[in-house]
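Open the model in your viewer and keep the selection tool ready. The stops below are given in the order in which to select them.

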Amino acid sequence: LLPNDLQGCRILVTAGPTREEVDPVRYITNYSSGKMGYAIAEAAAKRGATVTLVTGPTSLQVPDGVKCVPVSSAEEMRSAVLNNFTATDVVIKAAAVADYRPAERGANKLKKKEDELVLRLEKNPDILAELGAQKGERILIGFAAETERLLAHAAEKLQKKNLDMIVANDVSAEGAGFDVDTNIVRFLFADGRVDELELMKKEQVALRLLDQVEKLWKAKQQ
Ligand code: C5P
């Protein structure tokens, strides 16, 4: 049985990949399954939090007691997150937002013509960085999925995006990252602390993360 220690805490979780349309039948995406974000949303609701889950396309079931806002592109995710930001105490951004999107989206299916096709991409908005710039008293938590120089890259994002905490995971390690049930993560905090966790189920990672959320949230209330 879980404690009811997040009662009164309004948590916004983002999960899953985003889909960036090329034309009406094609899109660019990544391997995110949404499992980590859904596990966090489920555990937070069980611990009494009011949970909104903004999710890209996944094959997962929305956990009981969670308000779900389904989105597809990064642009849609941004709108949904901003719409819910005012009434939020904690944002946990577990989504794997596509960094780029096709610069032009054809109204019709692209035709096969020459041997080579050049697709021009433009940058998507960085949602979390935007939230960081207007965070107020909120707690912001990000994820950093990396394949190299994990801690350095995660620490840089923590600082640049004005986060309270970042969850660093090496997505190239066995049993970690996208589309598996386990993860190996490190928590990095704004005050420089680093907490290393062993390999564990994503549900377990979610509970450990929420223990930190609870502490950060309680500390803000004092
Ligand atoms: O893509 P990046 O490694 O910078 O992602 C780090 C954090 O920023 C993640 O929590 C991710 O959800 C968030 N992010 C975002 N909008 C983007 C890219 C990333 O909110 N366009």
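Predicted model: local features only at pLDDT ≥ 70, side-chain atom pairs only at ≥ 80, totals over all residues.

Residues are numbered from 1 along each chain as its sequence is written, and side-chain values use heavy atoms, with hydrogens and water left out.

**The ligand**

Select the ligand and the residues around it, among them Lys93, Asp99, Phe143, Lys157 and Lys161. Now show the polar atoms. A polar side-chain atom of lysine 157 is 2.3 Å from a ligand oxygen. For lysine 161, an N or O atom of the side chain is 2.8 Å from an oxygen atom of the ligand. Alanine 95 takes part through its backbone, with a polar atom 2.7 Å from a ligand oxygen. On its own the ligand has 440 Å² of accessible area, and the protein covers 89% of that (Shrake-Rupley method, 1.4 Å probe).

**Lysine 202**

Next, select lysine 202 in helix H5, residues 202-221. Helices here are DSSP runs of H or I with at least four residues, strands are runs of E with at least two, and both are numbered from the N terminus. Is lysine 202 buried or exposed? Lysine 202 is buried, where buried means under 20% relative accessible area, exposed over 50%, and partly exposed in between (1.4 Å probe, protein chains only). Lysine 202 has no salt bridge (a side-chain nitrogen of Lys or Arg within 4 Å of a carboxyl oxygen of Asp or Glu). The nearest side chain of opposite charge belongs to aspartate 181, 6.4 Å away. Instead, look at the backbone oxygen of valine 180, which the lysine 202 side chain reaches at 2.8 Å.

Move to leucine 117, in the loop between strand S7 (100-102) and strand S8 (121-123). Leucine 117 is exposed, at 62% relative accessible area.

Then select arginine 149, in the loop between strand S9 (139-146) and helix H4 (150-160). Arginine 149 is exposed too, at 57% relative accessibility. Most residues other than glycine have a negative phi. Arginine 149, not a glycine, has a positive phi of about 40°.

Last, select asparagine 162, in the loop between H4 and strand S10 (165-170). Asparagine 162 has a positive phi near 60° and is partly exposed, with a relative accessible area of 37%.

Key
Lys, Arg positive; Asp, Glu negative; His and termini not counted. Polar contact = N/O pair within 3.5 Å; in protein donor to acceptor, adjacent residues only side chain to side chain. Near = heavy atom within 4 Å.
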